[in-house]
Amino acid sequence: MSTALDSLLDLLDLERIEQDIFRGASRSAVVPRVFGGQVAAQALVAAGRTVPADRSPSSRMNSSRGGPLAHSLHSYFLRMGDPGAPIVYTVDRIRDGRSFTTRRVVAVQHGQPIFHLSASFQTYEEGLEHQAPMPAAPGPGTLPTAAEMLPRHAHRFSDPGMVDRLLEARAAVDLRYVDAPPFGTVGEPREPRSQVWFRTNGKLADDPLLHVCMATYVSDMTLLDSVLLAHGRGGWAVGDVVGASLDHAMWFHRPFRADEWLLYDQESPSASGGRGLGQARIYTQDGRLAITVIQEGVVRVPR
């Protein structure tokens with residue numbers, strides 16, 4: 001396991017300070033605020049630690065009866081997080097039904113809510129099966145790593161330290177773009193669609209909640225890329241747009257491991273009113289649809 005992944009796992013290992021109150025550390029993202037994926041993942045950890053054990057479908061991640069602990073989450077980013085202060089997560093036990101459990105989590109810093117999450121968990125059951133087919137994509141082994149790709153675009157960034165900051169922010173995850181990222185084609189609008197492969201830089205424990213939380217963390221990294229591509233914008237690191245995540249929703253359909261390759265197929269159906277919408281599907285390498293993701297964010301052109 002890489003040192004960066006070990007550090008990320010420590011970040012997600014919240015301190016329990018009361019029965020349903022947890023405290024997590026925070027750290028800076030590429031921009032001077034807490035990364036939204038970190039807050040979402042930590043909130044899901046907090047929710048999951050209050051869920052009865054029978055909501056875990058199986059202890060075997062790859063069995064046909066296995067699967068993620070959570071089946072969906074819906075969240076809102078309310079304020080920018082302060083990377084210099086801890087975050088307190090308060091969990092409300094909304095309902096424990098026979099099949100479904102619902103939790104609500106509020107993340108607080110400096111006495112104010114910065115994030116709100118509702119998550120639902122389900123016992124395992126059989127049901128109808130169908131899925132959208134996996135789109136075509138080259139294998140991850142044929143694509144450049146971040147360490148190989150990012151230095152090629154250093155001239156796009158006004159901050160000479162941006163490449164190092166991006167590499168540090170993504171060091172726990174091996175994330176590979178199928179096509180050039182937004183900052184690689186500045187000024188060249190193209191189809192609002194983006195694909196990346198990702199997996200953690202190291203093996204994870206066989207804990208379904210951990211894999212779900214790690215996918216939640218990564219899902220906030222690139223989802224709005226497709227909005228930028230439609231307008232030839234390079235993104236936050238380039239400085240030709242400013243913005244932040246507004247809300248984030250995920251549905252976990254089938255078993256997956258975040259330490260094995262996952263294809264993140266993303267597109268943007270709309271941008272208007274200073275906001276952009278991204279929607280995506282995440283597939284396992286053998287073609288199973290594991291997750292659906294939808295996010296809206298503020299996307300503004302600086303004046």
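Colleague: Which residues in helix α1 (residues 3-12) are buried?

Modeller: Good place to start! In α1, Leu5, Leu8, Leu9, Leu11 and Leu12 are buried. Buried means under 20% relative accessible area, exposed means over 50%, and partly exposed is in between, using a 1.4 Å probe and protein chains only. This is a predicted model, where local features need pLDDT of at least 70 and side-chain atom pairs count only at pLDDT 80 or more, while totals for chains, interfaces and linings use all residues. Residues are numbered from 1 along each chain as its sequence is written, and side-chain values use heavy atoms, leaving out hydrogens and water.

Colleague: How do you know that the buried residues of α1 line one face?

Modeller: Looking down the axis of α1, its buried residues fall within an arc of 155°, so they line one face of the helix. The arc is taken from the directions that run from the helix axis to the C-beta atoms. The face turned away from the buried side of α1 carries the exposed residues Thr3 and Asp10.

Colleague: And what covers the buried residues of α1?

Modeller: The cover includes α2 (36-48), β8 and α5 (208-222). Helices (H or I, at least four residues) and strands (E, at least two) are DSSP runs, numbered from the N terminus.

Colleague: Why are α1 and α5 called roughly perpendicular?

Modeller: Their axes come within 12 Å and cross at roughly 105°. Angles of 65 to 115 degrees count as roughly perpendicular, under 35 as roughly parallel, over 145 as roughly antiparallel and the rest as oblique. The pair α1 and α5 is therefore roughly perpendicular. Leu5, Leu8, Leu9 and Leu12 of α1 make the contact with Leu210, Met214 and Tyr217 of α5, where contact means heavy atoms within 4.5 Å.

Colleague: What makes α2 and α5 roughly antiparallel?

Modeller: The axes of α2 and α5 come within 7 Å and cross at roughly 160°. Angles here run from 0 to 180 degrees between N-to-C directions. With that crossing, α2 and α5 are therefore roughly antiparallel to each other. Their crossing is right-handed. Among the residues that meet there are Ala40 and Leu44 in α2, and Leu209 and Val212 in α5.

Colleague: What makes β8 (residues 193-200) largely enclosed?

Modeller: Six of its eight residues are buried, so β8 is largely enclosed by the rest of the structure.

Colleague: Which residues are bridge partners where β8 pairs with β7 and with β10?

Modeller: Strand β7 (residues 173-177) runs antiparallel to β8, with five bridges joining the two. Two strands pair if DSSP finds at least two bridges between them. Asp174 has Arg199 in β8 as its bridge partner. Strand β10 (residues 262-272) pairs with β8 in the antiparallel sense over six bridges, and there Ser194 is partnered by Gln266 in β10.

Colleague: Why do β1 and β7 count as edge strands?

Modeller: They belong to an open sheet of twelve strands with antiparallel pairing, in the order β1-β2-β4-β5-β6-β3-β9-β12-β11-β10-β8-β7. β1 (15-18) and β7 each have a single partner strand, so one side of each is left without a neighbour in the sheet. On average, neighbouring strands of this sheet are turned by 25° against each other, direction ignored.

Colleague: How many residues lie between β4 and β5 in their hairpin?

Modeller: Three residues lie between β4 and β5 in the hairpin. Strands β4 and β5 (residues 100-109) pair in the antiparallel sense over eight bridges. Arg93 stands opposite Arg103 in β5, and Arg95 has Thr102 as its bridge partner in β5. β4 (residues 87-96) also pairs with β2 (residues 21-24), in the antiparallel sense over four bridges.

Terms used: A crossing is left-handed if the near helix is turned anticlockwise from the far one by less than a right angle, and right-handed if clockwise.
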